[in-house]
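Welcome, and thanks for opening the viewer. Let's walk through this structure stop by stop, selecting a few residues each time.

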Amino acid sequence: MAYIALYWSAMVIGYYIGSKKRDQGERFLKLTDVIMMASVSLLVFLMGIRMGSNEEVIRNLGTIGLQALLATVLLMAGAVLSVTVTRKLLHIDKWGRLEGHVACKESEELEQYEKQEEEEAKSSNLMTWLILIFVVLGIFVGYFLVRVYIPDVDGFNEKAGNIMTAGLTLLLGVIGFQMGLAGTVVEQLKLIGFRVLIFPVSVLIGTAVMGVLISLLLPLTLRESLAVSFGFGWYTFAPVAISNAGHVIASAVSFMHNVFREMGGIVLIPLLAKKIGYIEVTSLPGVAAMDIGLTLVEKATRPDIIVYSFAIGMSQSLLVPLLVPLVIGA
């Protein structure tokens with residue numbers, strides 16, 4: 001619980017400070033991007049070292065990849081199924097329209113938010129590459145240097161865990177600060193009606209059910225399986241938090257699953273929108289539904305559908321720092 005309080009406090013404090021600096025937003029944007037990318041690079045590097053220095057992880061790397069792929073397929077299917085059931089109960093058709101009602105008009109606020117996210121797409125791509133490079137580099141350092149030349153690997157990992165905790169706190173503080181600078185969170189939530197808010201809950205329920213099923217199919221405990229499931233594609237937080245709690249194998253599964261979840265979701269949105277449903281595809285990429293996925297949703301569906309994408313992505317980004325440490329026992 002101490003970690004949960006720390007992480008949420010960092011986000012709240014960051015948001016408050018950012019909201020006070022909103023009129024100076026432009027001067028802080030580049031600085032916060034640099035801090036975020038540096039923090040993420042350090043975190044995944046340390047996580048990679050812990051994976052590479054762990055004999056069991058290296059020995060089972062191929063198996064871990066297959067486990068992560070299976071978990072991704074099941075969790076995506078669970079999210080889509082939950083959305084479909086909810087949509088039908090609320091009498092919303094496959095195209096996201098209330099039965100007997102015309103489509104909602106596009107709001108100026110959502111249009112502004114969409115443009116903002118399009119501008120951030122390049123930054124997101126750069127971060128993805130940095131993450132992949134640094135996690136691979138960390139694995140090599142852990143395997144060829146730490147495992148061989150450091151006698152007390154456990155002591156090293158404990159110190160690395162303390163640095164990771166500080167890094168996570170800084171990262172979440174910067175994310176909160178950026179939200180405060182943008183000032184769109186409260187405004188966007190005001191645009192979302194009661195029916196839209198039900199969908200994040202349904203995705204959470206579907207994810208929890210699949211998390212239990214995954215624990216029966218894969219060699220993960222229920223706690224580990226739920227922690228992996230509640231990562232929602234946030235590969236810069238969930239795997240690090242799981243690793244920091246001492247679950248290295250589950251952390252490796254979580255990292256691969258979250259990478260598969262975001263990348264797979266981004267690829268599948270335009271391919272599946274007209275086949276499985278407009279609202280359904282907003283549940284595919286996890287937290288990325290509120291950033292790079294937002295643009296893809298708009299292009300593959302209609303502008304008014306992005307309110308569902310924003311609601312699902314935002315709720316998951318707020319819940320991950322709560323649920324992952326809670327279920328893993330951090």
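**Stop one: a pair of helices**

Select residues 222-229, helix α9, together with residues 306-328, helix α14: their axes come within 8 Å and cross at roughly 170°. With angles over 145 degrees counted as roughly antiparallel, α9 is therefore roughly antiparallel to α14. Keep in mind as you look that this is a predicted model.

Now show the side chains where the two helices meet. On the α9 side, pick Arg223, Glu224, Leu226 and Ala227; their partners in α14 are Val324, Leu326, Val327 and Ile328. Coloured by class, this contact of α9 with α14 shows 6 nonpolar and 2 charged residues, with no polar ones.

**Stop two: a nonpolar patch**

Switch to a surface view and select Leu70, Val212, Leu213, Leu216, Leu217 and Leu222. Together they form a nonpolar surface patch with about 530 Å² of accessible area. Which helix gives the largest share of the patch? Select residues 194-217: this is helix α8, and 4 of the patch residues come from there. Leucine 213 is a residue of α8.

**Stop three: the salt bridge**

Finish with glutamate 280 and arginine 87, whose side chains meet in a salt bridge at 2.9 Å, N to O. The structure holds 1 salt bridge. This pair links distant parts of the chain, 193 residues apart: glutamate 280 sits in helix α12 (residues 278-281) and arginine 87 in helix α4 (residues 61-89).

Technical notes: Residues numbered from 1 in each chain as written. Predicted model: local features only at pLDDT ≥ 70, side-chain atom pairs only at ≥ 80, totals over all residues. Heavy atoms only, no water. Axes fitted to C-alpha atoms, helices over the stretch in contact; angles between N-to-C directions. Parallel < 35°, antiparallel > 145°, perpendicular 65-115°, else oblique. Contact = heavy atoms within 4.5 Å. Nonpolar A, V, L, I, M, F, W, Y, C, P; charged D, E, K, R; others polar. Patch = residues over 30% accessible without salt bridge, like charges linked within 9 Å, V, L, I, M, F, W, Y side chains within 5 Å. Areas by Shrake-Rupley, 256 points an atom, 1.4 Å probe, with all protein chains shown as cover. Salt bridge = Lys/Arg side-chain N within 4 Å of Asp/Glu carboxyl O.
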